[in-house]
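Subject: Structure for your review

Hello,

Here is the structure I promised to hand over. Please look through it before reading my notes, which follow below.

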Amino acid sequence: MNALVVLCDADGVVRRWRSLGGGVGAFALSDGVLFPTLFGPGDVARALDALAALGREGVLVDRPFELPRDGGGRESTVYLSGAAMPVGRLVLVAARQPGAATAIRQDLASVDAELAEGLRPLDRWLAPAAARDAALFEEMTRVNSELANAQRDLAKANAELKLLNEQRNRLMGMLAHDLRTPLQVITGFAEHLGTRLNGRIEPRDMGSLDRIRESSLFMSHLIDDALSMAAAQAGKLHVARRSVDLGGLVRRNAGINGIIARGKDIRLEVRVADGLPRIQADPSKLEQLMNNLLSNAVKYSERGTRVDVTVDRTDSHARVIVADEGRGMSKAETARIFQPFARHAQSGTAGEMSVGLGLFICRTIVDAHGGRILVRSAPGQGSTFTVELPLAGAG
């Protein structure tokens, strides 16, 4: 171990010295020199203060000092420790690393027992620090090991979760395919029977056919929403844009949802402004958007009220406004209305159930088209939803 051990008198004059392992370099030692002058110009005063403290307190532990520049123009740091002897002498150790005085004393014992014995008071100061360092190192090693294990467990859990999500999405896709076909058959036959038997059967029986169509539409919308939610959460909601007549699309959806509206004696009115340009959008996603907005408006409206749908434009956006005269919502409800399952515990005015996905899907679809959806509502004053979708080339 490279170190320098120096014996000084009470005034700091060097009386004897020993070099271990080649010393620490940059020291021009000789008997009779004043020890503080061996350091760089900026540290001479600090070295004098250190010697004074050593004389008062009896020990000095690992104070850093700069040595004069070596031949390459570089300064080097040494750590100075020392102990005061009963006969007015000071034993000092200059080492490259802090906490090395105890090991240096053990190396020195075989070549200079007197100097080694003079350093013994440092042991009780350095041993606790060494023990703390060892304990800290052991604790850091343990924590690092636990962190590595936790990272491996997290990576494994993430991989398993990804696999489960993929399996869930595949299962939902299979269920959607298997459920859609019979639903389309049920809806188609109900419409066919309604047309063939209109005026030939009792109104009560025609109402039963309407209930079949309503339930089929509800289940179809629920399947679409569940699939869209899974795609959105997986970051895979696909938007296939093409030219769309927004006014015609809204009218078609109003006609479909008019079946449910008539069952609650709700008037569903649609107004489309003249000269609306076509927009670039995914028609199937816009169908889903309008189905959710219109079915929600009917679901939460009382009998005998009306739902107004307006399609127009601003300077840069096509706009759809759906306004109902239903129960409305509080500020707290509107603040969370676009979150999934936000209204799962609230039924419609005729007892219709909802899982609370519709408006979350609406916002997801609108966001995917670069638009925005807004809501204005108050308890007892109905709700108004406004959808704005960008016009191609507008600005």
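Please bear in mind that this is a predicted model.

Five strands make up an open sheet with the order 2-1-5-4-3, and the pairing is antiparallel. Strand 2 (14–20) and strand 3 (59–66) are at the edges with a single partner strand each, so one side of each has no neighbour in the sheet. From one strand to the next the twist averages 20°.

Within this sheet, strand 1 (residues 3–9) and strand 5 (residues 89–95) run antiparallel and are joined by seven bridges. If you want a pair to look up, Leu7 has Val91 in strand 5 as its bridge partner.

Two helices go with this sheet. Helix 2 (residues 101–108) packs on it and touches strand 1, strand 2, strand 4 and strand 5, with a direction at about 95° to that of strand 2. Helix 1 (residues 44–57) lies across strand 3, strand 4 (77–84) and strand 5, and runs at about 175° to strand 3.

Another open sheet has five strands in the order 7-9-10-12-11, here with mixed pairing. Its edge strands, strand 7 and strand 11 (372–377), each pair on one side only. Direction ignored, neighbouring strands of this sheet are turned by 10° against each other on average.

Six bridges link strand 11 to strand 12 (residues 383–390) in the antiparallel sense. Here Ser377 has Ser383 in strand 12 as its bridge partner.

Helix 6 lies across strand 7, strand 9 (306–313) and strand 10 (317–324), at about 175° to strand 7. Helix 7 (residues 283–299) lies across strand 7, strand 9, strand 10, strand 11 and strand 12, and runs at about 25° to strand 10.

Single residues

Asp62, in strand 3, has a phi near 50°, which is a positive value in a residue other than glycine. Asp265 also has a positive phi, near 55°. Asp265 sits in the loop between helix 6 (246–263) and strand 7 (267–272). Is Asp265 buried or exposed? Its relative accessible area is 52%, and the cut-off for exposed is over 50%, so Asp265 counts as exposed.

Phe218 belongs to helix 5 (residues 203–233) and is partly exposed, at a relative accessible area of 38%.

Regards

Note on methods. Residues numbered from 1 in each chain as written. Predicted model: local features only at pLDDT ≥ 70, side-chain atom pairs only at ≥ 80, totals over all residues. Heavy atoms only, no water. Pairing = 2+ DSSP bridges. Helix = DSSP H or I, 4+ residues; strand = E, 2+ residues; numbered from the N terminus. Axes fitted to C-alpha atoms, helices over the stretch in contact; angles between N-to-C directions. Contact = heavy atoms within 4.5 Å. Buried < 20%, exposed > 50% of the residue type's maximum accessible area, 1.4 Å probe, protein only.
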